[in-house]
Every structure is written in C-alpha cells, then in structure tokens.
Amino acid sequence: MSAYGSQDIPMGSPRRRFGRCSRSQSLEQRSVSPPVKIDRHKFSETAQTSQGVIDPTLRQSAQPQFQISGDLSPQQISIVKRTWKQVMKTFKEDEMEISTQLLIRIFQIDTRVKQWFYLNNVGENDLRHNEVFKEHVRAFEPTLIFIMGHLHDATSLSRHLQQLGGRHVRYTGVTYKSSYWKVFIQALLDVIGIEGSQYNVWEAWTVLGSFCVEQMRIGYKIEHKLQREAERLLLKHKKQKDLKVSQSPSRYV
C-alpha cells in the first residue's frame, strides 16, 4: 500500500504531485473485529466494551509525546486560513453545517460508508433528522474547529486527530484499510469548494487533508491495539481468578 500523499490522491485532482505532503507515511494494514455500537448519549473518552474497560491513563500515555513539524508550509497555512475565511462566510459562520455537509458528501462519494456509520437504512434526505447521524456530526465539529484554530501547532493537531481516529474504532465499523480515509480527503475538498481554484490552493488543502487522515489512522491503530491489550489483560485476569477458585479448598466435605 502506498503512503498517503503519494498515490492515494483524490479523484479529479490537478497534477498528481504533492511536494511536502509526500512525507506522510502509511501504516501496516490490518482488519479489526466488529466495533462497539455508537453511544448516543456521549462519545466518552473511556471506551467500555463487552471485553472490558481501557484505563484513560493508558490511552493518554499513547498520545504524541514529542513535537512534530507537520506537513503544511507557512505559506500553505496562510492559504488555508485565507480560504477558510471565505468558506465560513459562505456557510454563515456555521461549522456544524460544514461538518454536516462533509459527512453527507462522504456518503455520496462512497455509499458503503453509510453502513460503517450504522446509517445504511437511512435515506440521504432523512440523514439530518437521524440521531445517529447528528451524533457523528457533533463528534466531528469540535475537531474541525480545533484544526482551523491550530494550523501552526501540528503537535496539538496530531493529538486531537488521533483521538478522533480512535473514536472510529469504538463508534463506527470503519476499518484501518477502508476506502473511507481516502474519500474523506475528496469530500473535504468538495465541501470547501476547491474545484476551479489555483493549484497552490488545491495543494494546501490536500496536504492538510492528507495530514488529518494520516493522524486519524495512527490514532485508529493505537486504539485498536489498546482494545486488544485490554482484552488480553481481562482474559489473563479471568484465568487467574478461575485458577484460584479451582485451587481453593471446598467448604463442604
């Protein structure tokens, strides 16, 4: 599998070159077991499954512990900020609507994604009224706001995006090698309205989108490993408990 920022380029792109974005590295693909269904009340930071609970301190220790430079150049950051102001004006300063349209656009590009978000039986016209869909939108909106407010702080962006990637393990059926990740970049470009823009604008937003996807996938894999480790520890604890019970003297002779 090629790295994001090389061959995994959105459809309908200008010339297939990225410059700085080519530094993004891919992770080993692996399938995952069926995920936990969405918690409609809250996207909790403590993942609780039928196998056990992941200690929040364990998840925190897996977050980025060092500074990273990011993929956007200072000039590209300026371009993204400038075009984002135009986007916000178009959407009347409504980040929730931008998040809504982004998710809908993802479903339009690849209809298979709807089933991974537990929305396969919901028509496009009914999505906005569906509670599961609205919960997904509410989960993404804070990340969108954070991204656009911290373009100069790649380390903080990485931490926030990895947390969002981990939520995909817990609350969706998206897998690590799913087409969803590449579709996400294309949907972002479509909603932002990059078509017809100058190449440097397209490139800046594509670099940003690729960085977001890369970090979310890193977070996805970390969360997947944390869940497997939680299952291993729970099984070990159960075996120890069963062994103590079997070795304990009977109270009845």
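At what angle do helix 5 and helix 6 pack, and how far apart are their axes? The legends below take up this pair and other parts of the structure.

The model is predicted, so local features need pLDDT of at least 70 and side-chain atom pairs count only at pLDDT 80 or more, while totals for chains, interfaces and linings use all residues. Residues are numbered from 1 along each chain as its sequence is written, and side-chain values use heavy atoms, with hydrogens and water left out.

**Figure 1. Packing of helix 5 on helix 6.** Helix 5 (residues 131–149) and helix 6 (residues 154–171) pack at about 165°, and their axes are 10 Å apart. Helices are DSSP runs (H or I, at least four residues) numbered from the N terminus; axes are lines fitted to C-alpha atoms over the stretch in contact, and angles run from 0 to 180 degrees between N-to-C directions. The two helices are therefore roughly antiparallel (angles over 145 degrees; under 35 is roughly parallel, 65 to 115 roughly perpendicular and the rest oblique). Helix 5 passes helix 6 in a left-handed crossing, in which the near helix is turned anticlockwise from the far one by less than a right angle; clockwise would be right-handed. Contact (heavy atoms within 4.5 Å) involves, among others, His 136 and Phe 140 of helix 5 and His 160 and Leu 164 of helix 6. By class, this contact has nine nonpolar, four polar and no charged residues. Ala, Val, Leu, Ile, Met, Phe, Trp, Tyr, Cys and Pro count as nonpolar, Asp, Glu, Lys and Arg as charged, and the others, Gly among them, as polar.

**Figure 2. Packing of helix 3 on helix 7.** The axes of helix 3 and helix 7 lie 8 Å apart at an angle of about 125°. That makes helix 3 oblique to helix 7. Helix 3 passes helix 7 in a right-handed crossing. Residues in the contact include Arg 105 of helix 3 and Tyr 180 and Asp 190 of helix 7. The contact divides into ten nonpolar, two polar and two charged residues.

**Figure 3. Packing of helix 7 on helix 8.** Helix 7 (residues 180–192) meets helix 8 (residues 199–247) at about 145°, with 9 Å between the axes. The crossing is right-handed. Among the contact residues are Trp 181 of helix 7 and Trp 202, Trp 205 and Arg 217 of helix 8. Eleven residues of this contact are nonpolar, three polar and one charged.

**Figure 4. Lining of the largest cavity.** Of its 18 lining residues, Phe 117, His 136, Phe 140, His 168 and Tyr 180 lie nearest the centre. Helix 3 (95–109), helix 5, helix 6 and helix 7 each supply at least two lining residues. The lining divides into 13 nonpolar, four polar and one charged. On a 1 Å grid over the protein atoms alone, a cavity is a set of points where a 1.4 Å probe fits but cannot get out, and lining residues have an atom within 4 Å of a point.

Technical notes: 1 Å grid on protein atoms, 1.4 Å probe; cavity = no way out; pocket = protein on both sides within 12 Å on 5 of 7 lines; lining within 4 Å.
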